[in-house]
Amino acid sequence: MNRLVVVSNRVADVQRSTQAGGLAVGLADSLRQRGGVWMGWDGQTLKYEEEPEPRIRKIGAVTQATIPLTEQDYAEYYLGFSNSVLWPLFHYRLDLVEYKTAFLEGYRRVNAKFANALVSILQPEDVIWIHDYHLIPLAAELRQRGCKQRIGFFLHIPFPPPEILAAVPRHRWLVESLLEFDVIGFQTNTDLGNLQHYVEDHLGTEITEGRIKVGEREVIAGCFPIGIDVDAFVEMAERPNDEVQIETHRREILGRRQIIGVDRLDYTKGLPDRLRAFARLLELYPEMRKSVALMQIATPTREEVEAYVDIRKELEALSGAINGRFADFNWTPVRYIHGTVPRDALAALYRASQVGFVTPLRDGMNLVAKEYVAAQSPENPGVLVLSKFAGAAEDLHEALIVNPYDVDDMARNLCRALTMPLEERQERHKALMERIRKHDAKHWLDTFMAALEKGEIKNAA
Ligand SMILES: O=P(O)(O)OC[C@H]1O[C@H](O[C@H]2O[C@H](CO)[C@@H](O)[C@H](O)[C@H]2O)[C@H](O)[C@@H](O)[C@@H]1O
Ligand SMILES: O=c1ccn([C@@H]2O[C@H](COP(=O)(O)OP(=O)(O)O)[C@@H](O)[C@H]2O)c(=O)[nH]1
């Protein structure tokens, strides 16, 4: 087996249980099993003139190689082009795109830095797997430095339709950079279809049976939905957690149910309408008052980008208003937690919640949806209420699928989830477990590697 070299903006400690962000979680779950090298940014910003050598650290079967960025890199590449241009654009939010030429320059500069660091550690037989929108030009940079290895790319976020993509300057360059990879992987068939439309409309070529002709080369483009390590998550959820158990016991005595939401505090996650839907539930079904509460964990993220400051203010005001309107001296309808919770504590919280409420306006996959399912007790499972615009909805048909823009639809489905008979809950949960087991972290890694190493495309979806 060739050595696998994974590259992503963020590198996680594969042995730590706290990592907010699905990319870190999904990759850690996969790499722990196969081993290899994981290269990326160390999360630090430093002043330097000359690019530092990558820092090497061995953690179990994984060798981490990390580099720092400068303040300017962080502002232009990470906050700028990655998170103020590509992130909103790829999530269909043209209204939030803030394009500046300096952002693009920073993006190209940091991709060149990544390439310099990478060539210093690469071996001829390596296979390289690059992740996410931060690093789209990296294959081209590596080829310019003479790399001959196979290079794959996986996009963790949605790929937008051509009408949206074409609104950003240099969109053709972006897609041409993407076509420098040997394999391009997407989360869903919708994303793959959007690339298909772009190459047809703008490049006059097409994807035929998962392959695109680019000059003399053939590029594979496929759908590889990311998954979790299901058994490890089930084990985590079953592990006793005293604090959660005491709280659950109290709720059981009072006959109260809990709806849970867990997200980075991102405008793509649909949080304001989620809170409004919960308030609508209490309005439409007064019998639900004092019998159910919403726990929303909102993890801080990208706080220097203005759109993220706005969403935080909006949510704080909304949860305050809902509590002000409905709370009683012994019942708080919304528990809003602005912080990061370790993944093992999350597992226990999911298990203790009767509804998993996952309503992004647009999301690459959404691992929280899969984790919620894995955490349930098969004898008395909770119900997943899932946005039709999460990548996970392409597979998780037995969830209650909702429109995250339609507050009434979400409220009705919350009520349906809270009153669903045990037998139906068990049937839906069984079917969902089969699906998340079929498309788990190992399947994601194996199918992508089969495409990258052997040129095989199985329909992963
Ligand atoms: O690294 P940050 O800027 O702090 O952001 C965290 C990560 O967010 C995004 O995650 C995506 O990947 C998940 C796993 O494939 C997927 O389930 C989710 O729908 C995506 O939003 C981002 O793509 C990562 O690069 C970030 O590290
Ligand atoms: O406080 C938190 C919030 C989130 N997560 C984890 O972060 C990941 C979020 O991934 P998802 O795909 O749902 O969304 P993303 O944040 O990547 O857009 C999941 O594995 C969560 O369990 C966590 O460990 N602690």
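User: Why are H10 and H11 called roughly parallel to each other?

Analyst: In this predicted model, helix H10 (residues 271-284) and helix H11 (residues 306-326) pack at an angle of about 10 degrees, with axes 9 Å apart. Angles under 35 degrees count as roughly parallel (over 145 is roughly antiparallel, 65 to 115 roughly perpendicular, the rest oblique), so H10 and H11 are roughly parallel. The axes are lines fitted to C-alpha atoms over the stretch in contact, and angles run from 0 to 180 degrees between N-to-C directions.

User: What makes Leu271 one of the residues of H10 that meet H11?

Analyst: Contact means C-beta atoms, placed from the backbone, within 7 Å. Leu271, Pro272, Leu275, Ala279 and Leu282 meet residues of H11, including Ile311 and Phe326.

User: How do you know whether glutamate 209 is buried or exposed?

Analyst: Count other C-beta atoms, placed from the backbone, within 10 Å: 20 or more is buried, 12 or fewer exposed, in between partly exposed. Glutamate 209 has 6, so glutamate 209 is exposed. Glutamate 209 sits in the loop between strand S8 (207-208) and strand S9 (211-214), and its phi is near 45 degrees, a positive value in a residue other than glycine.

User: And why is arginine 170 called partly exposed?

Analyst: Arginine 170 has 15 other C-beta atoms within 10 Å, so the label is partly exposed. Arginine 170 lies in the loop between helix H5 (162-165) and helix H6 (171-178).

User: How are the residues numbered, and what does the model require?

Analyst: Residues are numbered from 1 along each chain as its sequence is written, with chains lettered from A and ligands numbered from 1 in the order written. As this is a predicted model, local features need pLDDT of at least 70 and side-chain atom pairs count only at pLDDT 80 or more, while totals for chains, interfaces and linings use all residues.

Terms used:
Helix = DSSP H or I, 4+ residues; strand = E, 2+ residues; numbered from the N terminus. Contact = placed C-beta atoms within 7 Å.
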